[in-house]
Structures are given as structure tokens and as C-alpha cells.
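Here is a short report on a protein model. Look at the sequence and the 3D view first, then read on.

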Amino acid sequence: MTLRLVEFVVAGNEASDLLPVRSAALLRAYGARRGFWTVLDEGPVERCLALLLELDDGEWTARHVLADAGAENGRTEDGEALAHHDGWVYVFGSHFGSKGGPLRPRRAFVARFREDDAAAGPIPVHVVRNSFRLHRAVNDALAGSPLVLLPPGERVRARFIVETLARGTAREKSWVSRLTPDDLPLNVEAAAFTPAGTVLLGLRFPVSEAGEPILVEVADVPGMFTAEPSWPRALRTYVLTGVTPPGELTGFRAITPTADGAYAAVIGSIDALGKGSVLLDDHPGGGDVTSRHVRFRLPDGGSDDACRLGGELVADLAPFHHVEGVAELDGRPFYVTDEDHRVALWVG
């Protein structure tokens, strides 16, 4: 596959995820014929929203979008995944920690904003920090499923779980009741709403014992934003089979719905090389892994049991290691890669 590079500088930062703009009003406001949302992965969510736009004359440009999270300004970090639902754009935090741990409560958030609001003025962003409620729901679902998961490793458990519990206990944080010593650290990197209104969360970690990527289907995410919030419930767990090369460990990097009712995704390394990752200290086979563009479908109906989803390879994206977002528009693939101090959009 031949790809064309469109390079941007947006607030001196790199991008996570790639979400097509659906709002006609927003495109008209910028004089654009198409565009994508991305989230910059350093800093609070209200400072990290950006648009990548193809203008009516064919020129590409980037816009750093002003937003206001009200009382939650400055209280989040590490937005990783974007998804559309009912006119809203949702932003999911990683729910993870730094490369060496521990878990960070600021990353356990979901935010949303009306896409049409971006056509004029700063966007009001509603942020809900869930104090590890989503962590708890997903961990319970994984523990109760027949999936066999790759053990996290002693250093990972000590740095991400044991240290988080110790810090929370010392600071008398109420969220310590939502973590247990046997938990797995979650790294949420991808999200997509289903037609039923549930959310598929793509995990970069954990992975299956065979090194294959894991999805968890979650209900009630919009309920987090009501006056009397309800909290997400994990419904089903899935493992994506047939797309991980033998001997490698792959996690989700991006998911997007496709026009035919399936899902496109990017899978790749479980953490970045050369950045002091404790996860890779325990699982070195998960680092030097190139990205792959894949597809899958959910089964008809539903089951409360874990399900094996057969994946299809669309494109091997080697030598890229850090593809962070994928979109398919008008029969063409678009990718965004995690680059130091720039945003790189690749057009098929």
C-alpha cells in the first residue's frame, strides 16, 4: 500500500485516535469538505482536542480547538480514544498510568461534547472522572469470563496495582475500595459505540495468554453524564483471533465502525520501546511489534460468555510501530501515527 503523508504541528504534541467529523455545520464553519478529530495525548482533555481538515480547495490544515471543562479544567490527562454517539463526541482516558506506574486517577475519565458546538466558540466539555469504577467493572468481567489472560508479571503488579493501593490508602482516597491486589492494570486505547448504544473498549493491555487483543463491551456510558449518574456495566468480553503473528503480543490501538456494519481496527505493541516501560520489562515480546489494520464483526445476538472473534487482515502497516488511529472514508484508509512533536496523517 502506498501512503501519502500530511504533516501538522498542533500544540507541539502527538496525536491519539482519528474520528471522522460528522457535523455538516462544523465543516461549513471551517470551509472544509472532510475532517477528523484527534486527541493530543499530553495534558488535560480540554487542551487536547484538535481537528485535521481537508479544505474545499484540497489543502489540509490543523486546528487546535478551544474547550472548557468548567470545574474539571486541569483535572484529567491522557485522553486516548474517541467515539461518536447521538451527536456527541466521547473522549476516553487510558485508565492506565505512566510507563513505570502507578495507575493515575486523572486518567480514569470519560468526557463528551456536542460536535455541532465546535462550529462556534469554545466547546463546553462535560468530564466525568469515574474514580476507578470502569476499572472495577472491566476487571470483574475479565475475571468472570472463560478467557485465559496473560499474567501481568510481578513488576507490573507491584508498580501498577500494589503501589496504587498503597498511595490511595495513605491519602485516604475512597476509590481504594474499587481496586484489589489481584486486579489487572487496564490500558484503554480504542473505543467505538455499537448500534445498540453499548461501547466496545479496545484494550492495549491486558491481552490473552496467546498474546491476542481483548475487547470489552460496556453499557450505560451515556448514563454517566446524567444528573443522577449511573455507572458503566461490562456485558461481554471478546478476544480477536487470527491477526496476531506467532510469538508476538498485540493490543488494540484504534477501533472505528465501518459502513457495512463491521469494525476496522489497528492492533500493535502493548507499549512503546525505549521509554522505561515496566510492562515491557515483564513482557519483552510485546514491544518490537509493527501495526496492522484489521477488520472484524460482532456475532449476531449476544452471549454473556466470552466470544472469539475471527479477525481479517486488511493491511500490514510495517514498518510503522505507532499507528494510533484509523478511518475508512470513500474507500480510502486514513491513519494517524504517534510521532514526537508532530501529527502525521497518512492517506491511502
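## Ground rules

A residue is buried under 20% relative accessible area, exposed over 50%, and partly exposed in between (1.4 Å probe, protein chains only). This is a predicted model: local features need pLDDT of at least 70, side-chain atom pairs count only at pLDDT 80 or more, and totals for chains, interfaces and linings use all residues. Residues are numbered from 1 along each chain as its sequence is written, and side-chain values use heavy atoms, with hydrogens and water left out.

## Cysteines and a serine

Cys307 counts as partly exposed, at 22% relative accessibility. Cys48 counts as buried, at 2%. A disulfide is a pair of cysteine sulfur atoms within 2.5 Å. The search of the whole structure finds 0 of them.

Ser174 is exposed, with a relative accessible area of 56%. Where is Ser174 found? Ser174 is in the loop between helix H3 (154–170) and strand E12. Helices (H or I, at least four residues) and strands (E, at least two) are DSSP runs, numbered from the N terminus. The C-alpha atoms of Ser174 and Arg159 are separated by 20 Å. Along the chain, Ser174 and Arg159 are 15 residues apart.

## Strands side by side

Strands of a sheet pair through backbone hydrogen bonds, either parallel or antiparallel. Here, two strands pair if DSSP finds at least two bridges between them. E1 and strand E23 (residues 342–347) pair over 5 bridges. Val6 stands opposite Leu345 in E23.

Now follow Tyr238. Strand E14 (residues 214–219) and strand E15 (residues 233–241) run antiparallel, joined by 6 bridges. Leu215 stands opposite Tyr238 in E15. E15 also pairs with strand E19 (residues 307–310), in the parallel sense, over 4 bridges. There, Tyr238 stands opposite Cys307.

On a 1 Å grid over the protein atoms alone, a cavity is a set of points where a 1.4 Å probe fits but cannot get out, and a pocket is an open set with protein on both sides within 12 Å along at least five of seven lines; lining residues have an atom within 4 Å of a point. Grid points are joined across faces, edges and corners, and a volume is the space filled by probe spheres set on the points.

The structure holds 1 cavity of 30 Å³ or more. Its lining includes Leu3, Phe320 and Trp346. What classes make up that lining? It has 6 nonpolar residues, 1 polar and no charged. Ala, Val, Leu, Ile, Met, Phe, Trp, Tyr, Cys and Pro count as nonpolar, Asp, Glu, Lys and Arg as charged, and the others, Gly among them, as polar.

The largest pocket has about 520 Å³ of space. Of its 25 lining residues, the closest to its centre are Asp41, Glu42, Asp78, Glu80 and Lys99. The lining divides into 3 nonpolar, 6 polar and 16 charged residues. The second largest pocket has about 450 Å³. Its lining has 15 nonpolar, 5 polar and 4 charged residues.
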